[in-house]
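Open the model in your viewer and keep the selection tool ready. The tour moves from one selection to the next.

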Amino acid sequence: FEALSYTRGPPGNSIEIEVAVDASSSQASSTLKIGPSLNDALQGLRHWERSRVLWVDAICINQEDINQ
């Protein structure tokens with residue numbers, strides 16, 4: 001995977017995106033709400049011809065839990 005360290009910007013209009021989940025899961029995908037600036041970053045990093053695995057701290061770390 002590739003890592004993206006991303007600082008959340010000010011709250012704004014959230015955008016719903018579809019993300020793939022673990023292949024061993026019975027669920028193929030899930031939706032997630034992200035901010036517009038993170039959406040722009042993800043669109044810029046997207047490979048159109050093949051899949052890409054990204055680990056984004058703003059998504060993968062519970063931003064509400066100060067201990068994380």
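How many salt bridges does the count come to, if a salt bridge is a side-chain nitrogen of Lys or Arg within 4 Å of a carboxyl oxygen of Asp or Glu? The count comes to 1 salt bridge. Before you select it, two notes on the model. This is a predicted model, in which local features need pLDDT of at least 70 and side-chain atom pairs count only at pLDDT 80 or more, while totals for chains, interfaces and linings use all residues. Residues are numbered from 1 along each chain as its sequence is written, and side-chain values use heavy atoms, with hydrogens and water left out.

**Stop 1: the salt bridge**

Select Arg52 and Glu2. Their closest N and O atoms are 2.6 Å apart. Arg52 sits in the loop between α1 and β4, and Glu2 in strand β1 (residues 2-4), so the pair ties together parts that are 50 residues apart in sequence. Check the accessibility of both ends. Arg52 is partly exposed at 28% relative accessibility, and Glu2 is partly exposed at 36%. The classes are set as follows: buried is under 20% relative accessible area, exposed is over 50%, and partly exposed is in between, with a 1.4 Å probe and protein chains only.

**Stop 2: the whole fold**

Switch to a cartoon view. There are 2 helices and 4 strands, in the order β-β-β-α-β-α along the sequence. Helices (H or I, at least four residues) and strands (E, at least two) are DSSP runs, numbered from the N terminus. Of the 68 residues in the protein, 15% are buried. The accessible surface comes to about 5600 Å², and 49% of it belongs to carbon and sulfur atoms. These areas come from the Shrake-Rupley method with a 1.4 Å probe; for residues, only the protein chains shown count as cover. Contacts are heavy atoms within 4.5 Å. Among contacts with a separation of 6 or more, 40% are between residues 24 or more positions apart.

**Stop 3: Leu54**

Select Leu54, in strand β4. Leu54 is partly exposed, at 29% relative accessible area. Beyond residues up to four places away in sequence, Leu54 touches Glu2, Leu42 and Leu45. The C-alpha atoms of Leu54 and Leu4 are separated by 7.0 Å, although the two are 50 residues apart along the chain.

**Stop 4: helix α1**

Leaving aside neighbours within four places in sequence, Asn39 contacts Ile15, Ile17 and Ile34. Ser37 is partly exposed, at 36%.

**Stop 5: the largest pocket**

Rolling a probe the size of a water molecule over the atoms shows where empty space is left. On a 1 Å grid over the protein atoms alone, a pocket is an open set of points where a 1.4 Å probe fits, with protein on both sides within 12 Å along at least five of seven lines. The largest pocket holds about 800 Å³ of space. Among its 20 lining residues (an atom within 4 Å of a point), the closest to the centre are Glu18, Val19, Ala20, Arg52 and Leu54. β2 (15-20), α1 (36-45), β4 (54-56) and α2 (57-60) each supply at least two lining residues.

How values were computed. Grid points are joined across faces, edges and corners, and a volume is the space filled by probe spheres set on the points.
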